[in-house]
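Work through these exercises with the structure open beside you. Try each task before you read its solution.

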Amino acid sequence: MKKILIVEDNELNMKLFYDILQYQKYTPKKAMDGLCAYNLIKSEKFDLIILDIQLPKMTGFELLEKLKKENIQTPPIIIASACAMDSDKQKAKEFGIEDYITKPIDINNFVKTVKQKLGEI
Amino acid sequence: MDILNKSLNIIDDIINNTNVQNLDFYENVLKIMSSLYDKNFSLGIFFCENTGYNLKTAIKNNIFIKNYNFKYDIQDFLTNNQKYIELSTKDDELFYKNTLITKLSIKESVFGFMIVSSNNQITNEIKSSFLALVNIISYKIKDYELNEVFKIQLKAMQEAIIEKEAMYDVVKKQHKKLQELDKTKNLFLANISHELRTPLNAIIGFSQALDSKIFGDLNEKQAEYIKDIQISSLHLLGMINEILDISKLEANAMKFNPAKLNSTQAIQEVINILEPLYQNKQIKVIFKNDCNYEINADYQKFQQILYNLLSNAIKFTGKNGKIEIIQETKNKDYILKIKDNGIGIEKKYHNKIFKKFVHIDNIYSKSQSSTGLGLPITKELVKLHNGKITLESELNKGTTFTMEFKKILL
């Protein structure tokens, strides 16, 4: 079973992602802030990360910056953010992340993107 | 000549240092003038006052005699064109036989100078030199006054310039303030959009999860309510997007990232998103998805154009209506049409509907809220794609929006 790290500070949105991924037979793991996500990425191996941008303790972009600086290998990343500004999408691209899903997400599109990133379709 | 020049220089000093409105000034001038003549001559000056002309002051042997009652009627001379008159007067305390009066017509209040000889007749030489002297003094005073007027005007102009500069500063400050306000507004809109999207994600996500029945079946009523939640959420999302988009367009912050895309796939995705809306009204959406067009467009914005037009078509088409989405090419142009058989738009509104905040009164617009920004945004997005949008519509027959995109076909 593939392990997916969900980095999301909103409890309801976390529950939504968690339930959907669990239903799809993945093993989701929760990180409610950027620092917690950083520690988990360093200590465990994941197949995919679903990353929010506005997060307590360390924002999504700060996390990406830190991982890059410390040369820490990461699995594929999908950004799921409620920020619909083009500048953030541009910034994501600079980190080499093409998959930027704007909230509210469409579940079918979300599942499709997850499967594509995991190389299942 | 030396004495004359020296005297004129002194007169210059007097003009520059005393107020030409004052009697003092004229007395000083008289004093200097009298130094040019011997003791047999006396000099005087007339002022025009409310009571008539008045020999204001006269000088003889360096002594001033003020407000002397001049007995001779020179009224005619005041009004005619003569430059001077010569009078033969009776013996008198001050004035003797021969008198020359000349006009100094530079100021309304100053009439002129006079010269009186106590013994001799006033010779032609004296006469012409006196007239020349008065003329020179007249010009000097005129010059000075013009200079004063010029100085006042210059000062007024300088003040006007300073005032204008101050106004310009105010305008500049206001402009800067407005720019800052605009920035704040856009930041606020971006933030509010973020804050509204976060809970909307849970609402749409959970209702979609329930609707897909992955966690179990729903009874008929539950299924209906879930659809209602989804419809309202999509409507809310549409409005949030419109507010964000118009602020981006106004701030020129709309990024345009065209890339190669399959238009059929992009259109089909939008149709799928809007399915709950048109199915709810049992509207038939017809789209031939068997031909593929590769176009150079911004994926998200291309979809948004279609989303706006299709959701409008659904809104303004009655139950069991029909909407067609047609793709075609013409002379290397890509053409996209959205055709409905809804309530149509009156001709008088055809130009207005692309303007901001325009609402058309009809049976549907009353029952559904909207920002009035959808079509103005759509028009701008079409423009970004080097296209133009037009419409054909007839009341109660339906509306067709046609977009012609130049050079985006690959």
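## Exercise 1: Get to know chain B

Chain B has ten helices and 13 strands. The model is a predicted one.

**Task.** What percentage of the residues in chain B is buried, and what share of its contacts joins residues 24 or more positions apart?

**Solution.** 

Step 1. Start with the chain length. Chain B has 410 residues. Of these, 44% are buried.

Step 2. Turn to the contacts. Take those in chain B with a separation of 6 or more. Residues 24 or more positions apart account for 62% of them.

## Exercise 2: Describe the interface

**Task.** How many residues of chain A and of chain B are in contact with each other, and which element gives the most to the side of chain A?

**Solution.** 

Step 1. Count each side. Chain A brings 23 residues into contact with 25 residues of chain B.

Step 2. The size of an interface is often given as the accessible area lost when the parts come together. Here the area buried between chain A and chain B is about 2,200 Å². Carbon and sulfur atoms give 60% of it.

Step 3. Look for pairs across the interface. The rule finds zero salt bridges between chain A and chain B. Polar contacts do turn up: seven residue pairs, with both residues at pLDDT 80 or more.

Step 4. Find the elements on the chain A side. Helix H1 (11-23), helix H4 (86-94) and helix H5 (107-117) of chain A each give two or more residues to the side that touches chain B. H1(A) gives the most, with seven residues.

Step 5. Sort that side by class. The side of chain A that touches chain B has eleven nonpolar, five polar and seven charged residues.

## Exercise 3: Compare two residues of chain B

**Task.** Are Ser233(B) and Leu36(B) buried, partly exposed or exposed? List what each one touches.

**Solution.** 

Step 1. Apply the cut-off. Buried means under 20% relative accessible area. Ser233(B) has 4%, so Ser233(B) is buried.

Step 2. Follow its side chain. The side chain of Ser233(B) reaches the backbone oxygen of Ile229(B) at 2.6 Å.

Step 3. List its contacts. Leave aside neighbours within four places in sequence. Ser233(B) is then in contact with Leu200(B), Ile203(B) and Ile204(B).

Step 4. List its contacts in turn. Not counting residues up to four places away in sequence, Leu36(B) touches Ile3(B), Leu4(B), Ser7(B) and Leu133(B). Ile3(B) is 33 residues away along the chain, yet the C-alpha atoms of Leu36(B) and Ile3(B) are separated by 7.5 Å.

## Exercise 4: Read the salt bridges

**Task.** How many salt bridges does the structure hold over all chains? For the pair Lys103(A) and Asp52(A), say which parts of chain A the bridge ties together.

**Solution.** 

Step 1. Recall the idea. Side chains of opposite charge can pair when their charged atoms come close. The structure holds 18 salt bridges over all chains.

Step 2. Take the named pair. The side chains of Lys103(A) and Asp52(A) meet at 3.4 Å, N to O. Lys103(A) is in the loop between strand S5 (100-102) and H5 of chain A. Asp52(A) is in the loop between strand S3 (48-51) and helix H3 (60-69) of chain A. The pair therefore ties together parts that are 51 residues apart in sequence.

Step 3. Check burial. Lys103(A) is buried, at 1% relative accessible area. Asp52(A) counts as buried too, at 3%.

Step 4. Turn to a pair in chain B. Glu148(B) and Lys151(B) form a salt bridge at 3.4 Å, N to O. They are three residues apart in helix H4 (residues 124-211) of chain B, so about one helical turn separates them. Glu148(B) is partly exposed, at 27%. Lys151(B) is partly exposed, at 47%.

Step 5. Finish with a network. Salt bridges link Lys3(A), Lys29(A) and Glu44(A).

Definitions and conventions:
Residues numbered from 1 in each chain as written. Chains lettered and ligands numbered in written order. Predicted model: local features only at pLDDT ≥ 70, side-chain atom pairs only at ≥ 80, totals over all residues. Heavy atoms only, no water. Contact = heavy atoms within 4.5 Å. Buried area = accessible area lost by both parts, 1.4 Å probe. Salt bridge = Lys/Arg side-chain N within 4 Å of Asp/Glu carboxyl O. Polar contact = N/O pair within 3.5 Å; in protein donor to acceptor, adjacent residues only side chain to side chain. Helix = DSSP H or I, 4+ residues; strand = E, 2+ residues; numbered from the N terminus. Nonpolar A, V, L, I, M, F, W, Y, C, P; charged D, E, K, R; others polar. Buried < 20%, exposed > 50% of the residue type's maximum accessible area, 1.4 Å probe, protein only.
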